[in-house]
Amino acid sequence: VSKRGASSTRPRRWRRPSASSAISPTVWTRLLHPTPDEDGIADPVLTLTSIILLLRPFDVWWVTPFVLVAACLSLVLRAVRRAPITWLVLAVLVAVRIIVVWPLSDNHIYLLGYWCLALGLALSGPAPAATLARSGRWLLGAAFAMAVLWKVASPDYLDGRFFRVTLLTDERFADASLVFGGLERDQMAENRRFLKPLPEGAVLLNPPAFIEPPRLRAFATVATWGGLVLEALVALLCVIPAVGPMQAARHAALLVFCITTYALAPVAGFGWLIATLGLAQCHSNQKWLRGAYLSVFLLIVLYSEIPWTGVLAEWTAR
């Protein structure tokens, strides 16, 4: 037998497929190909998410350019906006940002990462609209349930101390305390001196007076229990797979929460995300409800950019 013939009868060695060939071309096509509009995910949901990414600083200089470029391209190019790979890459970038600045990320940055992942997975699946609506409902339910759990487990929240102190010491709530709490600016300054931490064991010889008008105490009580009850209601309605009137109640609770909470709470990014997740749960024929969520999104933008409590405080001080 010739050497050539012997080599031809030698059994072939099995080769392990490379990492690139392990992923089916169909999967790559599905991730890169834009999802058609008729598959149900409304463009405003994707557009608002891109706007959120543009408006939220990422605090990591080498991650920020990639996020900004992807968000800008998704705003102007439909093919980028509706491609699953866009949102999967953005989810990875948000995760990288969380890891790099650990543990200092705000809570809504985690929710933003989960939401980008949900968008990418929904756009690559067989029923994008239904999948995304379900994901948005469960994300909202989990976020609000965790918020309620934290409040119930915190004694300084349930007894009202959290807001009684925050309304006086957090500069972002100062104007609201003046308007709704009946305080004056010199009283606010006295209260802050009273609440200023001292070295361990130290006691002031002549401590400043602490002034807490009944209106301020009532404002803190409403903020404490109103927020807790409304958050618990949203969590319950999101966990229950409700239809009909219960579904309408879920949307109403979400809209009321956004309109009231973010008028004072300085966390617009969270409010934009909640409005966007609510919008993703709207059916194509619910145009008025979609308009309501879009209006609330814009209202939260105005809340964050217009110091309306400061204007009221100046007017009431005259």
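Helices are taken here as DSSP runs of H or I spanning at least four residues, numbered from the N terminus. Under this assignment Arg 215 falls within helix H14, which covers residues 214–239. The model is a predicted one.

In overall terms, the secondary structure of the protein consists of 18 helices and zero strands. The protein has 318 residues, of which 39% are classed as buried. Its accessible surface amounts to about 18,300 Å², and carbon and sulfur atoms contribute 67% of that area. Among contacts with a separation of 6 or more, 70% are between residues 24 or more positions apart.

With residues up to four places away in sequence set aside, Arg 215 touches Val 179, Phe 180, Gly 181 and Gly 182. Val 179 lies 36 residues from Arg 215 along the chain, and the C-alpha atoms of the two are 9.8 Å apart.

Arg 97 belongs to helix H7, residues 84–100. Its relative accessibility is 5%, so Arg 97 counts as buried, the cut-off being under 20%. The side chain of Arg 97 forms a polar contact of 2.7 Å with the side chain of Asp 59. A polar contact of 2.7 Å also links the side chains of Arg 97 and Ser 105.

Note on methods
Residues numbered from 1 in each chain as written. Predicted model: local features only at pLDDT ≥ 70, side-chain atom pairs only at ≥ 80, totals over all residues. Heavy atoms only, no water. Helix = DSSP H or I, 4+ residues; strand = E, 2+ residues; numbered from the N terminus. Contact = heavy atoms within 4.5 Å. Buried < 20%, exposed > 50% of the residue type's maximum accessible area, 1.4 Å probe, protein only. Polar contact = N/O pair within 3.5 Å; in protein donor to acceptor, adjacent residues only side chain to side chain. Areas by Shrake-Rupley, 256 points an atom, 1.4 Å probe, with all protein chains shown as cover.
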